[in-house]
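Subject: Structure handover

Hello,

Here is the structure I said I would pass on. My notes follow below it.

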Amino acid sequence: MNEVFAGVRIVELAQFVFVPAAGALLADHGAEVIHVEMVGSGDPYRSLKVGDGRETGSANLSLEQNNRGKKSIAIDLKTETGREVLLRLIETADVFLTSLRPKALQGLRLMPEDLQARNPKLIYVRGNGFGFKGKEIDKAGYDATAFWARGGFAHSLRPKGMLEPLKPRPALGDHVGAVSVAYGIAGALFKRAMTGEAGVVDVSLLSTAVWALSADVVVSQTQTPEQHAFTGDPMRAPLRYPYRTSDDRFIQLMFLNPDKYWPELCHNIGRTDLLEEENYTTNALRSQHGPELIAQIQDTISSRSWAEWKPIFDAWDAPWEL
């Protein structure tokens, strides 16, 4: 396997998931990642007990997942001796990666100018909840708050009629954000190789969420909320709808070119009679009569099990998923 980051040393002063997960991604591809922890207790994620089964009698499985392939060292950064140990590591590093907030980094004298004075070739990378400009640079932010709630996922994915915000999946925002951090590191390494310049990379969970939902942001500039809700109504898209089988599995259709796939769908599910219906002859009509067409297709799909439908759909070169 070609390990594209082989020879790159990353000193990582980060905790929990968001930023350490980015270090794990780079370690997967050959980087040497040195995870710096607190003396005594280590990364606080080691002892976190959230009650969902990730922690066992001997290990926190989520911590292991997000710190795989790394080396680890405990340093007391509040002492001059400990700080000097870190700075000696910095002298040998390509990247410094941190999730500490600016106030903590200032107190430890570990800001970009501090470390790049010791190693001018050092790329300084930091991630937090809400970014590094403005009044919220030191506000605590986790994936459930900065990414999921503030970023808009809790609202945009909430089913119609549901009052309370939708609960996020574990570390979803952290892992999406980690890809952005890893991308930033890769870009900064490339820029340094091309120009000799070692820069600073900033990534926030909030900015990652805004990018992930940027298609919704674009739509919001051209439609009112009422229009957006109307066009986004799943009952208006019979050929982009999940249909339940008789054994409670689903067939997700995703036909962005519905006129092409409509006749094929009718033949494959044995409903060529639908091709004769005037209300379904065009995509606009199928959208207009979406609820009744969905009911027709659902009645057919629910007549067979997933195992019965699978070979039929497997033989069809179309965008669907069982």
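How many aromatic pairs does a search of the whole structure find? The search gives 13 aromatic pairs. Please keep in mind that this is a predicted model.

One of these pairs is formed by F16 and Y45, in an edge-to-face arrangement with 5.7 Å from centre to centre and 65° between the planes. The two residues are 29 residues apart, and their pair links distant parts of the chain. F16 is in the loop between β1 (9–13) and α1, while Y45 is in the loop between β2 and α2 (61–66). Is each of these two buried or partly exposed? F16 is partly exposed, with a relative accessible area of 22%. Y45 is buried, at 5%, because the cut-off for buried is under 20%.

The rings of F96 and Y124 make a tilted pair, with centres 5.2 Å apart and planes at 50°. F96 belongs to strand β4 (residues 95–98) and Y124 to strand β5, so the pair ties together parts that are 28 residues apart in sequence. Both F96 and Y124 are buried.

Another arginine, R126, lies over the face of F132, at 4.6 Å from the ring centre.

Next, the second largest pocket. Its volume is about 760 Å³. The elements that give two or more residues to its lining are α1 (18–28), β5 (123–128) and α6 (143–149). In total, 30 residues line the pocket. Which of them lie nearest its centre? They are F16, G141, Y142, D143 and D174. By type, the lining divides into 16 nonpolar, six polar and eight charged residues.

Last, a note on H35, which lies in strand β2 (residues 32–37). Is H35 buried or exposed? H35 is buried, with a relative accessible area of 3%. Leaving aside residues up to four places away in sequence, H35 touches E12, A14, P20, D43, N67, K70, K71, S72 and I73.

Regards

How values were computed
Residues numbered from 1 in each chain as written. Predicted model: local features only at pLDDT ≥ 70, side-chain atom pairs only at ≥ 80, totals over all residues. Heavy atoms only, no water. 1 Å grid on protein atoms, 1.4 Å probe; cavity = no way out; pocket = protein on both sides within 12 Å on 5 of 7 lines; lining within 4 Å. Points joined across faces, edges and corners; volume = space filled by probe spheres on them. Helix = DSSP H or I, 4+ residues; strand = E, 2+ residues; numbered from the N terminus. Nonpolar A, V, L, I, M, F, W, Y, C, P; charged D, E, K, R; others polar. Buried < 20%, exposed > 50% of the residue type's maximum accessible area, 1.4 Å probe, protein only. Contact = heavy atoms within 4.5 Å. Phe/Tyr/Trp six-rings, centres within 6.5 Å; stacked < 30°, edge-to-face > 60°. Lys NZ or Arg CZ within 6 Å of the ring centre and 35° of its normal.
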